[in-house]
Amino acid sequence: MDKLWYFSETGQIFWVPSADSIVDENGLPKFEVAEFEVKLKDAVEFGTFCDRSDQIILVSSSQEFAEDYVRAIPITMPRVALIKSGTPAPAREQLDKLELDAYVLGPFDVAVVNTALARTMDDKNSLIALQEELKNYSSIAFTAMSSASEMGIVAFYAQSVQNISNMDRLAQQTLRCLKDLSVQGFIQFTFEDSVHIYPETMPKTYSDLLEWTCTSEHRIVSHGRFLIFNFENAQILIADAPAEDPDKCGRLRDVIAHIVSIAEARAKTIKVNGLLKEQQDNTRMVMMLLEMASRDNRNSVKTIMTDLSMSLREIATGLDLNLEQETTMLALSEKALESLECLHETTDAVEVHFRSLLLQLDQAAKLLKTDEVAEVAEIESSVELF
């Protein structure tokens, strides 16, 4: 632990590899340290010795230190002043300008001086440790900011796709999000009755790989610069992952997993909405056909039964039937009309049921309906938080 001692009274400078005091009670260098005295030709050489030393001790008396030497002391160098009694005000003012780390007033007790020297060195070591910790913290903070920026992109993506009701637009927005993360992606949405691949010009090697992915039990597979995410209804292939940076690659893998999860959930909603719309249209068509058939059937049967009843009345009069027989025949006619009314009531009940079903489908469709805003073509959705 090299220390540089500078005595203003004698102008002597000592470069001592020791942590102990080299001054006597009167503030003069001890005889045994004469071998450590250095002869310097100018302030530049003095500055060189300052750079090679851990600490400088300025022993002040009636004389001031050479101003050019004082200016050569590095601002970060720990400095201690030993101030002899009777030191004039100008010399003290010179020391005040140096922003001392510690000072000791004469007469100089060895224990007191050593304590002051040790304390300033401890402070210096603590400062160095703190600086290293701050460097590490800065690195951690940078990583955290990068993660926050990436998660900001995910948050923006989640917000931007919540009103999308078209599979093609969902894929386009997802590809843009991956582009914001500085990676190239390929997407596949798979359902029992359909498979959607984006972009459509995907290389066959990649499309075959995504098709194979659907049969794999692995959820996330990484190999070199390739990353594959295999969810139930969504698969994404990344072709240029930063494999040379394991930390960034691992962080990116987690972020893209969130994106795939969001994309899959939205794709399912779009698919369900499409199926519901299809069933809604089918039910509406069945209801319309049922109403038309019911109306035509009711009118036709009513006309036939009315005509039959009137015919029976006329026939009963001409057949010379007795009162009991005529009453029985007319009762049969009335019973047929009553059966017709029951059939009409049943048909009405079926119609009410279908109307209720259609109403429920309309309500469900209304809940799933999105207020999708038309997107301006070719606008990028890049997000920069930092």
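Modeller: A disulfide is a pair of cysteine sulfur atoms within 2.5 Å. The model shown is predicted, and a search of the whole structure finds 0 disulfides by that criterion.

Colleague: Why is Cys50 called buried?

Modeller: Buried means under 20% relative accessible area. Cys50 has 2% relative accessibility, and therefore counts as buried.

Colleague: What makes Cys177 buried or exposed?

Modeller: The relative accessible area of Cys177 is 3%. This value is under 20%, so Cys177 is buried. Across the chain, 37% of the 386 residues count as buried.

Colleague: What makes a set of residues a nonpolar core, and which residues touch the most other members in the largest one?

Modeller: The members must be buried residues of nonpolar kinds, such as Leu, Ile and Phe, joined through side-chain atoms within 4.5 Å. The largest nonpolar core has 33 residues, of which Leu170, Phe189, Phe229, Ile238 and Ile256 touch the most other members. Among the elements giving two or more residues to this core are helix 4 (110-161), helix 5 (167-180) and strand 6 (185-191). Helix 7 gives the most, with 10 residues.

Colleague: With which residues is Phe229 in contact, leaving aside its neighbours within four places in sequence?

Modeller: The contacts of Phe229 include Ile220, Ile236, Ile238, Ile256 and Val260, as well as Arg219 and Arg253. There is also a second, separate core of 20 residues, which includes Ile13, Val38, Phe49 and Ile83.

How values were computed:
Residues are numbered from 1 along each chain as its sequence is written. This is a predicted model: local features need pLDDT of at least 70, side-chain atom pairs count only at pLDDT 80 or more; totals for chains, interfaces and linings use all residues. Side-chain values use heavy atoms; hydrogens and water are left out. Buried means under 20% relative accessible area, exposed over 50%, partly exposed in between (1.4 Å probe, protein chains only). Helices (H or I, at least four residues) and strands (E, at least two) are DSSP runs, numbered from the N terminus. Contact means heavy atoms within 4.5 Å.
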